[in-house]
Amino acid sequence: MAKVTFDIDRCKGCKHCVVACPKKIVVIREDVLNKNGYHPAGVLEMEKCIGCASCATMCPDCVITVER
Ligand code: SF4
Ligand code: SF4
């Protein structure tokens, strides 16, 4: 199973990764605030991830790492 990790304190909540995910499993974590006051992105249903790395490719701030 692929593993997607987020360096959440670098995230600005821009949602580019949310839009890019073909499985629609990247979400903005409304329950979390990072150190800069943004709600960061995250994956809640990791078992559905296909490891395509579209999310990481789209992130302008290099927040996301995808391991296959
Ligand atoms: S690697 Fe692909 S399927 Fe997995 S969370 Fe990122 S965009 Fe979605
Ligand atoms: S694209 Fe990057 S900065 Fe934008 S919400 Fe996703 S992880 Fe955060």
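Visitor: In what order do the elements of the protein chain run from the N terminus on?
Guide: In this predicted model, the order is β-α-β-β-α-β. That makes two helices and four strands in the protein chain.

Visitor: And how compact is the protein chain for 68 residues?
Guide: Its radius of gyration is 11 Å, close to the 11 Å from the globule rule for 68 residues, so the chain is as compact as a globular protein of that length. The C-alpha atoms fill a box of roughly 30 × 20 × 20 Å along the principal axes.

Visitor: What share of the residues counts as buried?
Guide: Of the 68 residues, 22% are in the buried class. As for contacts, take those between residues at least 6 apart in sequence: 63% of them join residues at least 24 apart.

Visitor: Let's go to E1. Which strand is it joined to, and do they run parallel or antiparallel?
Guide: E1 is joined to strand E4, residues 64-67, by four bridges, and the two run antiparallel. One pair to look at is threonine 5, whose bridge partner in E4 is threonine 65.

Visitor: Which way do the side chains of E1 point?
Guide: They alternate along the strand.

Visitor: Now the core. How many residues are in the largest nonpolar one?
Guide: There are 13 residues in it, and Cys17, Val26, Cys55 and Ile64 have the most contacts inside it. Strand E1 (3-6) and strand E3 (41-43) are the elements that give two or more residues to this core.

Visitor: What does valine 26 touch?
Guide: Leaving out residues up to four places away in sequence, valine 26 touches Cys17, Val18, Cys21, Ala41, Val43 and Cys55.

Visitor: Switching to the ligands: what sits around ligand 1?
Guide: Ligand 1 is surrounded by 17 residues, and Cys21, Cys49, Cys52, Ser54 and Cys55 are the closest. By type, its shell divides into 14 nonpolar, two polar and one charged.

Visitor: And around ligand 2?
Guide: Here 14 residues surround the ligand, with Cys11, Cys14, Cys17, Cys59 and Val63 the closest. The shell of ligand 2 has nine nonpolar, two polar and three charged residues.

Visitor: Where is histidine 16, and what does it touch?
Guide: Histidine 16 lies in helix H1. Its contacts, not counting residues up to four places away in sequence, are Met58, Cys59 and Pro60.

Visitor: Why is histidine 16 classed as partly exposed?
Guide: Because it has 17 other C-beta atoms within 10 Å, and a residue needs 20 or more to be buried and 12 or fewer to be exposed.

Visitor: How far is histidine 16 from glutamate 47?
Guide: The two are 21 Å apart in space, C-alpha to C-alpha, and 31 residues apart in sequence.

Visitor: One last topic, the backbone. What is phi at lysine 15?
Guide: Phi of lysine 15 is near 75 degrees, a positive value in a residue other than glycine. Lysine 15 sits in the loop between E1 and helix H1 (16-20), and is partly exposed, with 13 other C-beta atoms within 10 Å.

Visitor: And what about phi at alanine 53?
Guide: Alanine 53 also has a positive phi, near 65 degrees, and is a residue other than glycine. Its place is in the loop between E3 and helix H2 (54-58). Alanine 53 counts as partly exposed because it has 17 C-beta neighbours inside 10 Å.

Note on methods:
Residues are numbered from 1 along each chain as its sequence is written. Chains are lettered from A and ligands numbered from 1 in the order in which they are written. This is a predicted model: local features need pLDDT of at least 70, side-chain atom pairs count only at pLDDT 80 or more; totals for chains, interfaces and linings use all residues. A nonpolar core is a set of buried Ala, Val, Leu, Ile, Met, Phe, Trp, Tyr and Cys residues joined through C-beta atoms within 7 Å. Two residues are in contact if their C-beta atoms, placed from the backbone, lie within 7 Å. A residue is near a molecule or strand if its C-beta atom, placed from the backbone, lies within 6 Å of it. Ala, Val, Leu, Ile, Met, Phe, Trp, Tyr, Cys and Pro count as nonpolar, Asp, Glu, Lys and Arg as charged, and the others, Gly among them, as polar. The radius of gyration is taken over C-alpha atoms; the globule rule is 2.2 Å times the number of residues to the power 0.38. Two strands pair if DSSP finds at least two bridges between them.
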